[in-house]
Each structure stands twice: as structure tokens, then as C-alpha cells.
Amino acid sequence: MVHAGHRYASRGGTKSIENFICTHPITQNLRSNRRFTESRPHLHAPDILRGKSLLGGSLAGSDKITVPPYIFKENNGKRCVMMMHLGSDVCSHPGVVHGGLLATLLDESFAWCCFPRLPEKVGVTANLSVDYRAPALAGSYIVLNAEIVKLEGRKAWLEGRIETLEAGGADSTLIAEARALFVQPKQAAVSISKLLREEKQS
């Protein structure tokens, strides 16, 4: 089994990318904020999930999503911040990142944001609406912000945005804004138990 981390760029090729994100003022502020917890879940997903993961599997690579995304979740589960670098092989036009990938990343950030607040900690996208404001360029750093605006039983309504992550904390460019509704399936608990049993048996 190929581990998620092995799909990303080689360590030598990512040192400057990792350093840019780790030393960025936004990262430093989040790390010093006790309300947020940092993780890189695409490095540690179970094998049964890792191989079928978009961000940790087929979209991970030296010219794709070059390093495992950095994710900061607010301890009350209301907000999530995700940072990453996009390579040259995720484009729709030369040098311009595919809008479908941006929608996928927004969807992913919404999921990380709302899953901990749903009863069975899992949900599916019932609706996703994206407004594109500016092109995302290949080779750029981006930050996604997601927030729960309403929570009601098995349903979570969210809003979010993608912005550029500029050197030194310079003014960012708004790339896209989105709204979404996530719903926990009625049989979620049964599905999760089955998946975990399969993982233990493999």
C-alpha cells in the first residue's frame, strides 16, 4: 500500500513550500491561538480510506497538491482554515487552476468544518454553490476559510471562501466564495461501523 505522504512531492522538493506555509503570519497566528487545533489528516488516514482519497491520493503530487494540506479547526467546531500549495497539473487553461478543483477544495474544507458537529461525525454534500471572483494561478499558495452559519440536527449550513496566501501577509486576492448544505445520512452510524469492521479484517 502506498502511503499518502509518498504521493506528494519528494521531501527535498517541498522544503521551501513547507517553510512558506509554516512561517506565514496566518499560520503563526493560528498556532498561537488556543481556540484552534492544527492537523494534517491526509498524512494519517486509514489505508482503506487513503487509497480512495482525492486530496490524499489522486490529487496529491509534485505538480498537483504538492504537500499535505495544513488544517486548523476551531475547538468549538465552528470554523476551519485550510492552507496548501497548488502545482501546474491541476489546470483548466495553461497556468490557471481548474474551477472544478476549487469547488472540490471548498467542499473538502466544509466537510472538515462541519463533520465534528454532526451527531455521527459524518455527512454528505446536499448543495454547493460557488461564485468565482478571480482566477487561481498554478504555483500559488491558497487559504480556505469555512464557517458553520447554522446547525440543526443532521443538517449544517456553511459559508466559505478561497483567498491567495501572499508572502509576508500582504493583502490577499479573493478567488471564490461558496455556500453549502451538508446532511448526515440516516444510516450513517451503520455505514461507519461496517467500514471500520472491514478495516480491521483487512
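The legends below describe close-up views of a predicted model.

**View 1. The largest nonpolar core of the predicted model.** This core has 32 residues. Met84, Leu86, Leu105, Ile142, Leu144 and Leu158 are the members that touch the most other members. Two or more residues come from each of the elements β3 (79-85), α6 (99-114), β7 (141-152), β8 (155-164) and β9 (174-183). The most is given by α6, with eight residues.

**View 2. The surroundings of Leu144.** Leu144 is among the residues that touch the most other members of the largest nonpolar core. Neighbours within four places in sequence are left aside here. Beyond them, Leu144 is in contact with Cys80, Val81, Met82 and Met84, with Leu105, Leu106 and Ser109, and with Arg161 and Ile162.

**View 3. His85 in strand β3.** The relative accessible area of His85 is 9%, under the 20% limit, so His85 counts as buried. Leaving aside neighbours within four places in sequence, His85 is in contact with Ile17, Ile21, Lys64, Ile65, Thr66, Gly139, Ser140 and Tyr141.

**View 4. Polar contacts of the His85 side chain.** The side chains of His85 and Thr66 are joined by a polar contact of 2.9 Å. At 3.3 Å, the side chain of His85 also reaches the backbone oxygen of Gly139.

Conventions: Residues are numbered from 1 along each chain as its sequence is written. This is a predicted model: local features need pLDDT of at least 70, side-chain atom pairs count only at pLDDT 80 or more; totals for chains, interfaces and linings use all residues. Side-chain values use heavy atoms; hydrogens and water are left out. A nonpolar core is a set of buried Ala, Val, Leu, Ile, Met, Phe, Trp, Tyr and Cys residues joined through side-chain atoms within 4.5 Å. Buried means under 20% relative accessible area, exposed over 50%, partly exposed in between (1.4 Å probe, protein chains only). Helices (H or I, at least four residues) and strands (E, at least two) are DSSP runs, numbered from the N terminus. Contact means heavy atoms within 4.5 Å. A polar contact is a pair of N or O atoms within 3.5 Å; within protein, one must be able to donate a hydrogen and the other to accept it, and residues adjacent in sequence count only if both atoms are side-chain atoms.
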